[in-house]
Amino acid sequence: MRPKALITGITGQDGSYLTEWLLGRGYEVHGVVRRTSSLERSRLSHLYVDAAVYGQSLHLHYADLDDPTTLRRVLLRVVPDELYHLAGQSHVGLSFDIPESTCEMTAMGTLRLLEMVRDLPKPVRLFHAGSSEMFGRPAVSPQNEDTPFQPVSPYGAAKVFATQMVRIYREAHGLYAVNGILYNHESPRRGENFVTRKICRAAAAIHEGRQRELSLGDTSARRDWGDARDYVRGMWLSLQQEVPRDYIFASGVLHSVQDVVEIAFASVGLKWQEHVRQDPRFLRPAEPTNLVGDATRANTLLGWKPEIGFEQLITEMTRAELTQDGLAA
Ligand code: G4F
């Protein structure tokens, strides 16, 4: 029998790479998709149109985190061995504007899912995508799995609630449940309103004469950026262990937004000084500081380490935006 995985957030960056990773390992993959008026499935379209894959080893089901009946129905129908919970409103800046729906989906949505998993007739291994944003302004750097959370955004606070609930259900109810504490991870499939993709898209568009300038918020902000393809490998590895634990997934290296700008613009032969300007609209009410991860546990217990470096990632992301090369993601 093929192992079965169910993914919430399958249409996102991580969900699409995880789907490819699991299909490549012989899994039957099921995904939860929201029924909305726009069909946002572009990251899965290459699989969706493949008759040997879609309907055979890949299946999509309509359900919603804020509609528990639909989600329970999918869980009971699929009866997965592994459940990857990746769905949620994932834009930190936006969470200041829509805090209630962010918490409803990210915090309460995860609790609802845990309650359903607890009631399932067959045990399922659950992976929950936590975030470095939970550390906010941490007292120590780098952070590990024992570093206290001090979120500074509604998104970070919602993730803390969800992550702590996963820990509680693991300890109190004996669920096999794992939190991955994921630092920023990017790829050509990153959403367009995250800073790396925004910069890489702009650099390529300016190079091709489709755009003139790029407006950014705080370019001195620093993050620990890795490649999403490395991080989904970590998600899968974390569910293959005998004992469920939480894991940090991080590169361990800090870079600034300015570093992203310089690499992206240089990779298409442009002087960033001629095109980049600051726009206060993109500044946030609060910024985390010193978010850099110590992935020693993942390295020691899972054999995980990132394979794709920062410069390679930003260069690939920029090249993928060059329509003239026919490489657009
Ligand atoms: O790319 P960002 O929007 O990512 P952020 O806020 O760090 O959150 C991402 O990573 C978290 C950790 O893994 C995830 F939990 C979360 O879901 C998401 O995936 O912003 C990165 C930095 C920030 O400091 C932001 O203020 O870039 C700064 N920035 C400067 N100008 C900008 C901009 N960010 C955006 N999105 N747009 C700008 O124009």
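**View 1. Helix 7 and helix 11 are oblique to each other, because their axes cross at roughly 50°.** In this predicted model, local features need pLDDT of at least 70, side-chain atom pairs count only at pLDDT 80 or more, and totals for chains, interfaces and linings use all residues. Residues are numbered from 1 along each chain as its sequence is written, and side-chain values use heavy atoms, without hydrogens and water. The axes, lines fitted to C-alpha atoms over the stretch in contact with angles from 0 to 180 degrees between N-to-C directions, come within 8 Å for helix 7 (residues 195–207) and helix 11 (residues 310–320). Helices are DSSP runs of H or I, at least four residues, numbered from the N terminus. T196, R197, C200, A203 and A204 of helix 7 meet I314, M317 and T318 of helix 11; contact means heavy atoms within 4.5 Å.

**View 2. L22 and Y84 touch the most other members of the largest nonpolar core, which has 44 residues.** Such a core is a set of buried Ala, Val, Leu, Ile, Met, Phe, Trp, Tyr and Cys residues joined through side-chain atoms within 4.5 Å. Helix 8 (residues 228–238) gives the most to this core, six residues. Beyond four places in sequence, the contacts of Y84 include L18, L22, F127 and W236.

**View 3. Helix 1 (residues 13–23) is mostly covered.** Nine of its eleven residues are buried, meaning under 20% relative accessible area (1.4 Å probe, protein chains only). Among them are D14, Y17, L18 and L22.

Terms used: Helices (H or I, at least four residues) and strands (E, at least two) are DSSP runs, numbered from the N terminus. Angles under 35 degrees count as roughly parallel, over 145 as roughly antiparallel, 65 to 115 as roughly perpendicular and the rest as oblique. Buried means under 20% relative accessible area, exposed over 50%, partly exposed in between (1.4 Å probe, protein chains only).
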